[in-house]
Amino acid sequence: MFILNPQSGIPIYRQLIDQVRRMIAGGQLKAGDDLPSVRELALEHAVNPMTISKAYSMLEMEGLLVRQRGKPMQVAEQNITTKTKESRLAHLQPQLEALVMAAKQLEISEDALIKELKKILSSN
């Protein structure tokens, strides 16, 4: 369900938070959907359970997730709204800006970057 990369330079809890936000905004996670348990996710990705718990708690404080005793974390009801394409794209803005900066630092042209992105998109 989630792709966590310990070598990315982005803390694991931040990767998880960002992915849950995007999945809610994109409609892959809907109100009432269960998330994997802390233990299950920690074992699957070989990370400390406290890392997963931290991410879930932060998402709960934002009102995106709800905790019910004895049940898995769930996507909260009140925060599910129809998102416009523009609001979904806003979730990608920090990654896109970082990508553009890295491309400039590597002296990769805009055309070459777009060509590579299209290649990646067509292979997925």
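Predicted model: local features only at pLDDT ≥ 70, side-chain atom pairs only at ≥ 80, totals over all residues.
**Ground rules.** I number residues from 1 along each chain as its sequence is written, and I keep in mind that local features need pLDDT of at least 70, side-chain atom pairs count only at pLDDT 80 or more, and totals for chains, interfaces and linings use all residues. Side-chain values use heavy atoms, with hydrogens and water left out.

**Entry: helix α1.** I began with α1, which covers residues 12-26; helices here are DSSP runs of H or I with at least four residues, strands are runs of E with at least two, and both are numbered from the N terminus. α1 has 15 residues and reaches 21 Å from its first C-alpha to its last, close to the 21 Å expected at 1.5 Å a residue, where the expected span is 1.5 Å times one less than the number of residues. I then listed its buried residues, among them Ile12, Leu16, Val20 and Met23; buried means under 20% relative accessible area, exposed over 50%, and partly exposed in between, with a 1.4 Å probe and protein chains only. What covers these buried residues includes α2, α3 (49-62) and α5 (93-105). Just after α1, I found glycine 27 with a positive phi of about 90°.

**Entry: the core.** Which residues have the most contacts inside the largest nonpolar core? They are Leu16, Val20, Leu35, Ile52, Tyr56 and Leu65, in a core of 21 residues; such a core is a set of buried Ala, Val, Leu, Ile, Met, Phe, Trp, Tyr and Cys residues joined through side-chain atoms within 4.5 Å. The elements that give two or more residues to this core are α1, α2 and α3, and α1 gives the most, with six residues.

**Entry: α2 against α3.** I noted that α2 and α3 pack at an angle of about 125°, with their axes 8 Å apart; axes are lines fitted to C-alpha atoms, for helices over the stretch in contact, and angles run from 0 to 180 degrees between N-to-C directions. That makes α2 oblique to α3, because angles under 35 degrees count as roughly parallel, over 145 as roughly antiparallel, 65 to 115 as roughly perpendicular and the rest as oblique. The contact is made by Val38, Leu41 and Ala42 of α2 with Pro49, Ile52, Ser53 and Tyr56 of α3.

**Entry: where α2 ends.** Histidine 45 belongs to α2, which spans residues 38-45, and I read it as buried, with a relative accessible area of 18%. Apart from neighbours within four places in sequence, histidine 45 is in contact with Phe2 and Leu4. Alanine 46, in the loop between α2 and α3, is instead exposed at 71% relative accessibility, and its phi is positive, about 55°, although it is not a glycine.

**Entry: glutamate 107 and α6.** Glutamate 107 lies in the loop between α5 and α6; it has a positive phi of about 55° although it is not a glycine, and I read it as exposed, with a relative accessible area of 72%. Leucine 117 of α6 is partly exposed, at 33%.

Key
Contact = heavy atoms within 4.5 Å.
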